[in-house]
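Here is a colleague's note for someone meeting this structure for the first time. Please keep the model open while reading.

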Amino acid sequence: MPRPLKIVLIVVGALLALLVAAAAIVAATFDPNTYKPLIIERVQKDKQRTLAIPGTIKLSFFPKLGVELGEVSLSEHASTAPFASVKSARVSLALLPLLRKQVVVDRVKVDGLRAAFKRSKDGKTNIDDLLGPPQPKDESGSAQPGQATQFDIAGVSVNDAAITIDDEIDARHLELTRAEI
């Protein structure tokens with residue numbers, strides 16, 4: 001084997017070993033469950049909704065960087081009434097786009113989705129507060145313009161979904177049950 005090729009292979013092997021070691025250190029020391037109270041508090045503060053994550057959050061590093069959740073539920077705005085829940089969810093990210101400040105969600109898999117959408121007679125919906133992008137804030141709490149991050153979802157699968165839609169304007173009530181997307 002030529003000497004330059006041997007050096008390149010050794011350098012590539014060393015970088016790969018370093019990445020594996022870094023992933024192992026993060027996996028051994030980082031516990032996403034310690035951030036659950038912060039996430040729940042942030043949702044309550046920013047969206048006035050109650051988020052419940054009773055199960056554990058699990059991270060995966062191989063074959064894709066991902067997060068797996070058990071049960072998760074979200075309340076209606078400024079209420080304790082349920083808006084949406086899932087039995088389990090898994091989200092995996094593509095790694096290379098993260099280096100370019102792009103978030104490419106490789107796969108979203110949701111099992112047991114339950115959601116209730118409502119539109120009142122004045123045209124407002126129960127998801128209006130979720131649709132607007134949050135404004136970045138500085139230390140004083142005032143909104144600051146920031147650099148946008150690109151976000152893309154490559155694929156979504158939903159199993160055993162039950163969705164209800166109440167539309168007071170058109171006086172319709174629709175139910176979709178046992179849906180597979």
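The numbered points below go from the whole chain to single residues.

1. **Ground rules.** This is a predicted model, in which local features need pLDDT of at least 70 and side-chain atom pairs count only at pLDDT 80 or more, while totals for chains, interfaces and linings use all residues. Numbering starts from 1 along each chain as its sequence is written, and side-chain values use heavy atoms, with hydrogens and water left out.

2. **The chain as a whole.** The chain holds three helices and twelve strands. Helices (H or I, at least four residues) and strands (E, at least two) are DSSP runs, numbered from the N terminus. Of the 181 residues, 21% are buried. Buried means under 20% relative accessible area, exposed means over 50%, and partly exposed lies in between (1.4 Å probe, protein chains only). A contact means heavy atoms within 4.5 Å. Among contacts with a separation of 6 or more, 51% join residues 24 or more positions apart.

3. **The largest nonpolar core.** A nonpolar core is a set of buried Ala, Val, Leu, Ile, Met, Phe, Trp, Tyr and Cys residues joined through side-chain atoms within 4.5 Å. The largest one has 19 residues, and Leu51, Val86, Val110 and Leu113 touch the most other members. Strands β4 (72-75), β5 (82-86), β7 (102-111) and β11 (161-167) each supply at least two residues of this core. In soluble globular proteins, nonpolar side chains tend to be buried together.

4. **Valine 110.** What does valine 110 contact, leaving aside its neighbours within four places in sequence? The list is Val86, Ser88, Ala89, Ser157, Val158 and Asn159. Val86 and Val110 are both among the core residues that touch the most other members.

5. **The largest pocket.** About 990 Å³ of space lies in this pocket. On a 1 Å grid over the protein atoms alone, a pocket is an open set of points where a 1.4 Å probe fits, with protein on both sides within 12 Å along at least five of seven lines; lining residues have an atom within 4 Å of a point. Grid points are joined across faces, edges and corners, and the volume is the space filled by probe spheres set on the points. Of the 24 lining residues, Leu69, Val72, Ala89, Val91 and Val108 are the closest to the centre.

6. **What the lining is made of.** The lining divides into 22 nonpolar residues, two polar and no charged. Here Ala, Val, Leu, Ile, Met, Phe, Trp, Tyr, Cys and Pro count as nonpolar, Asp, Glu, Lys and Arg as charged, and the others, Gly among them, as polar. Strands that each supply at least two lining residues include β3 (65-69), β9 (150-153) and β10 (156-159).

7. **Serine 92.** This residue is found in strand β6 (residues 88-93). Is serine 92 buried or exposed? Serine 92 counts as buried because its relative accessibility is 7%. Beyond its neighbours within four places in sequence, serine 92 is in contact with Lys64, Leu65, Gly66, Val104, Val105, Asp106 and Arg107.

8. Lysine 47 belongs to helix α2 (residues 36-47). Its C-alpha lies 8.3 Å from that of alanine 78, 31 residues apart along the chain. A polar atom of the lysine 47 side chain lies 3.0 Å from the backbone oxygen of aspartate 129. Glutamine 48 is in the loop between α2 and β1 (51-52). Its phi is near 55°, a positive value in a residue other than glycine. Glutamine 48 is partly exposed, at 34% relative accessible area.

9. **Aspartate 167.** This residue lies in strand β11. Aspartate 167 counts as buried, at 12% relative accessibility. Its side chain reaches the backbone nitrogen of isoleucine 169 at 3.0 Å. A polar atom of that side chain also lies 3.4 Å from the backbone nitrogen of aspartate 170. Aspartate 167 and lysine 118 are 49 residues apart in sequence, yet 5.8 Å apart in space, C-alpha to C-alpha.

10. **Arginine 178.** Arginine 178 lies in strand β12 (residues 172-179). Phi of arginine 178 is near 50°, a positive value in a residue other than glycine. Arginine 178 is exposed, with a relative accessible area of 71%.

Key:
A polar contact is a pair of N or O atoms within 3.5 Å; within protein, one must be able to donate a hydrogen and the other to accept it, and residues adjacent in sequence count only if both atoms are side-chain atoms.
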